[in-house]
Structure formats: structure tokens, C-alpha cells
Amino acid sequence: MKTEMCLVVCFLVGVLVFYLLKQGCGCAAVVEGQTEIDCDERIIQIQTDFENLEDIDTLQIDDVYIAIGTKLSLSELLYIKKSKRDDFKKVDFEYVKNIASCGKRCGAKSLSFISAIGANNRSLNTYLNVKG
């Protein structure tokens, strides 16, 4: 049976990805922080703080879908205060990298990552740089 790993957060895109997977796949392991989601017997819900992903390392994963990000105000898309940058990078870069690495260790053959329009690792804008 095909197993999908889907990183779900309480924002629109992550929830949408989850519901699309729920309709079509055989089994899904949903990894998320604090959000309670509507699960059936095909769904394994794993709550984590994303610092330690050892619970996931035991799963056999075929595909990984990542839709995660820090909730920012409109002004923070243009300028993230220096005091918030480390936390932003932790969630929007480190957690994404950790989930992708975990998926690879679990045998994933594909990775789908939803980032941001205009993401560019060479951008001078912190948001676009981290997302790229």
C-alpha cells in the first residue's frame, strides 16, 4: 500500500493538500504541530515540535508533501525584524530541510514542496531569500 507523508499546518494550503491526499491515497502519515485534524483509519497523525522527528523515521514513505511556514503580517513579507529572523529561518528553512531529509531516510521517491511566489535564495529580502 502506498504511503504518503504530508506535513500539514493550519493554513489554507497545507489543509488543502491534506484533504486532496485523503481523498486519493491508500494511507497517509500526517505530521503537524498543534492542529487537530479530521482523520480516518487510513491516516496516521503524528504530532511533533519538529525538533525531533524520530517517530517518523520508522515509517515507509513513498511521497512527501511539505506545506509549512511562519504566519507573517503583510509588512513582514517586506521586512522581518532581526529579532524574529532566527525563528522564521528555523521554521521555514530548517524544519523543511529536516522533513525532506526524514522522508528520504524513509524511502520517499518524490518530494513536493510549496514555498512562495518570488522565492529566490539570492534575494536581499529575508522572506524571499529563506523561502528560496
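Predicted model: local features only at pLDDT ≥ 70, side-chain atom pairs only at ≥ 80, totals over all residues.
Local features here need pLDDT of at least 70 and side-chain atom pairs count only at pLDDT 80 or more, while totals for chains, interfaces and linings use all residues. Residues are numbered from 1 along each chain as its sequence is written, and side-chain values use heavy atoms, with hydrogens and water left out.

A search of the whole structure gives three salt bridges (a side-chain nitrogen of Lys or Arg within 4 Å of a carboxyl oxygen of Asp or Glu).

Select Lys131 and Asp92 to begin. Their side chains form a salt bridge, 2.8 Å from N to O. This pair joins distant parts of the chain: Lys131 sits in helix α4 (residues 126–131) and Asp92 in helix α3 (residues 82–105), 39 residues apart. Helices are DSSP runs of H or I, at least four residues, numbered from the N terminus. Both Lys131 and Asp92 are buried (buried is under 20% relative accessible area, exposed over 50%, partly exposed in between, with a 1.4 Å probe and protein chains only).

Stay in helix α3 and select Lys97 and Glu94, which are three residues apart, about one turn of the helix. The N to O distance in their salt bridge is 3.4 Å. Lys97 is partly exposed at 39% relative accessibility, and Glu94 is partly exposed too, with a relative accessible area of 32%.

Now select Lys84 and Glu76. Their side chains make a salt bridge of 2.9 Å, N to O.

How values were computed
Helix = DSSP H or I, 4+ residues; strand = E, 2+ residues; numbered from the N terminus.
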